[in-house]
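I opened my notebook for a friendly walk through a new model. Here is what I looked up, entry by entry.

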Amino acid sequence: MSATMYASASTTSLLLPGVSAVRTARCSCLPLLPPRFPSRFSPASVKVLSESSRVSLFLTRATSSDETSTSVDTNEIFTDLKEKWDAVENKSTVLLYGGGAIVAVWLSSIVVGAINSVPLLPKIMELVGLGYTGWFVYRYLLFKQSRKELATDIDTLKKKIAGSE
């Protein structure tokens with residue numbers, strides 16, 4: 001390489017009694033070159049290797065046909081919702097419960113925001129949640145008998161909610 005290819009060159013000399021050192025720093029304007037391949041591999045063999053591994057990754061091809069694709073018909077959804085709304089006998093109760101649910105979500109977000117603004121309290125709540133999760137896994141999910149017990153508890157709760165018990 002010639003000296004004209006370098007943008008700048010600086011030489012620093014340090015003069016101490018009995019010690020002399022020269023440090024040269026060079027800065028190049030040329031872009032960085034990619035790393036060299038080892039002598040046993042040529043770029044052509046690496047290209048062939050990468051293409052063969054790429055081919056093995058994409059052996060299966062996904063195809064789409066009109067029979068398998070599902071499209072959402074918005075008119076059908078709206079007609080179903082309208083039929084269900086017309087089937088509801090007490091519409092004011094549904095609206096009241098829906099409004100109450102929206103207010104409950106709004107209030108809970110305010111409470112969570114207030115808890116989150118208190119220093120250290122969010123971390124303590126995370127530890128409590130992690131501890132409860134560990135206890136729940138140990139109590140209900142770790143052993144087969146306790147999983148059966150949990151399933152029966154869930155079934156009885158479903159029956160109580162549905163009113164069939």
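My entries below go from the overall fold to single residues.

**Ground rules.** I am working with a predicted model, where local features need pLDDT of at least 70, side-chain atom pairs count only at pLDDT 80 or more, and totals for chains, interfaces and linings use all residues. I number residues from 1 along each chain as its sequence is written, and side-chain values use heavy atoms, with hydrogens and water left out.

**Fold.** I looked up the secondary structure and found five helices and two strands in the protein chain. In sequence order the pattern reads β-β-α-α-α-α-α. Helices (H or I, at least four residues) and strands (E, at least two) are DSSP runs, numbered from the N terminus.

**Burial.** I then asked what share of the 165 residues is buried. The figure is 2%. Buried means under 20% relative accessible area, exposed over 50%, and partly exposed in between, with a 1.4 Å probe and protein chains only.

**Annotated segment.** I checked the UniProt record, an unreviewed entry, and its "transmembrane region" annotation covers residues 94-115. UniProt positions are given in the numbering used here, feature names are shortened, and annotations may be inferred rather than shown by experiment. In the model, residues 94-115 are 100% helix and 0% strand, with the end C-alpha atoms 31 Å apart. I also noted I115, which sits in helix 3 and is partly exposed at 30% relative accessible area. From I115 to M125 I count ten residues in sequence and 9.3 Å in space, C-alpha to C-alpha.

Most residues other than glycine have a negative phi. I found that L120 has a positive one, near 70 degrees. L120 lies in the loop between helix 3 (91-117) and helix 4 (121-141), and is exposed, with a relative accessible area of 65%.

**Salt bridges.** How many salt bridges does the structure hold? I found two, taking a salt bridge as a side-chain nitrogen of Lys or Arg within 4 Å of a carboxyl oxygen of Asp or Glu.

- D86 pairs with K82, and their closest N and O atoms are 3.4 Å apart. Both residues lie in helix 2, four residues apart, about one turn of the helix. D86 is partly exposed at 46% relative accessible area, while K82 is exposed at 53%.
- R139 pairs with E149, with the closest N and O atoms 3.0 Å apart. R139 belongs to helix 4 and E149 to helix 5 (residues 144-162), so this pair ties together parts that are ten residues apart in sequence. R139 is partly exposed at 30%, and E149 is partly exposed at 31%.

**Surface patches.** I looked for patches, which are made of residues with over 30% relative accessible area and no salt bridge; like charges are joined within 9 Å, and nonpolar side chains (Val, Leu, Ile, Met, Phe, Trp, Tyr) within 5 Å. For charges, Lys and Arg count as positive and Asp and Glu as negative, with His and the chain ends not counted; the place of a charge is NZ of Lys, CZ of Arg, CG of Asp or CD of Glu.

- D73, E76, D80 and E83 form a negative patch. D80 lies in helix 2 (residues 74-87) and is partly exposed at 37%.
- V137, Y138, L141, L142 and F143 form a nonpolar patch with about 490 Å² of accessible area together. Accessible areas come from the Shrake-Rupley method with a 1.4 Å probe, and for residues only the protein chains shown count as cover. L141 is in helix 4 and is partly exposed at 40%.
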